[in-house]
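The plan is to jot down whatever I look up, a bit at a time.

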Amino acid sequence: MPIIPYTFQLRYNTAREVSESLLQGSAPWNENVRATGHYPPLDGPRVPGAEGGVAGIVENKGGIGLSRYTDDYMLPGIRFVPVVSEEGGEPVYPDLYTTQSRDYPFVFTQSFWYKVEEGVPMNEMCYEFLRYVLSYEGQEAVMKDGKYQPLTAEVCNEMLEKLEAVRYGY
């Protein structure tokens with residue numbers, strides 16, 4: 001039976017992240033890959049590209065796919081793959097907690113970078129933006145957008161501590 005891979009559009013950063021981490025820098029993908037993108041229907045909210053991939057996996061016995069984790073994709077016919085991050089380690093299954101807490105080793109993150117200079121305070125607007133992103137309201141906005149999982153309170157608090165440590169320079 002042929003294996004049919006499903007993923008997001010190859011122009012999305014998910015494809016780059018997979019190429020770098022899982023494929024160890026390799027660019028080629030299976031020539032049968034079916035890539036789906038986000039699309040706005042004529043009526044109703046935007047449909048995430050991952051929904052097309054998940055639907056394809058459910059329809060095709062040989063389907064395998066890559067998606068961001070969400071409980072919405074816990075459908076009959078879908079099985080998640082556990083990942084071992086180090087030799088001899090225990091397999092970790094993706095679920096809401098292990099993806100949010102970053103315990104699942106195959107989680108892609110979005111990073112913000114800011115150059116901190118000795119004795120120089122951060123730009124106040126940048127500081128407030130990063131503080132908002134890590135706040136309850138900011139993480140709620142991430143959740144509503146639906147492309148990424150919000151972080152756990154523990155991870156947000158850890159990042160807020162790091163932000164405060166460099167707010168006025170190092």
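In which helix is Phe129 found? I checked, and Phe129 is in helix H4, residues 124-133. Helices here are DSSP runs of H or I with at least four residues, strands are runs of E with at least two, and both are numbered from the N terminus.

Ground rules before I go on. I'm working with a predicted model, where local features need pLDDT of at least 70 and side-chain atom pairs count only at pLDDT 80 or more, while totals for chains, interfaces and linings use all residues. Numbering runs from 1 along each chain as its sequence is written, and side-chain values use heavy atoms, with hydrogens and water left out.

Entry: Phe129 has 43% relative accessible area, so I noted it as partly exposed; buried means under 20%, exposed over 50%, and partly exposed lies in between (1.4 Å probe, protein chains only).

Entry: salt bridges. How many salt bridges did I get? The count is 3, taking a side-chain nitrogen of Lys or Arg within 4 Å of a carboxyl oxygen of Asp or Glu.

I looked at Glu124 and Arg167 to begin with, whose closest N and O atoms are 2.9 Å apart. Glu124 sits in helix H4 and Arg167 in the segment after H6, so this pair ties together parts 43 residues apart in sequence. Is Arg167 buried or exposed? Arg167 is buried at 16%, whereas Glu124 is partly exposed at 42%.

Next I found Arg131 and Glu128 bridged at 3.1 Å, N to O. Both lie in helix H4, 3 residues apart, about one turn of the helix. I have Arg131 as partly exposed at 38% relative accessibility, and Glu128 as partly exposed at 32%.

Then there's Glu158 with Lys162, with 3.8 Å between the closest N and O atoms. I see both in helix H6, 4 residues apart, again about one turn of the helix. Glu158 is partly exposed at 41%, and Lys162 is partly exposed at 48%.
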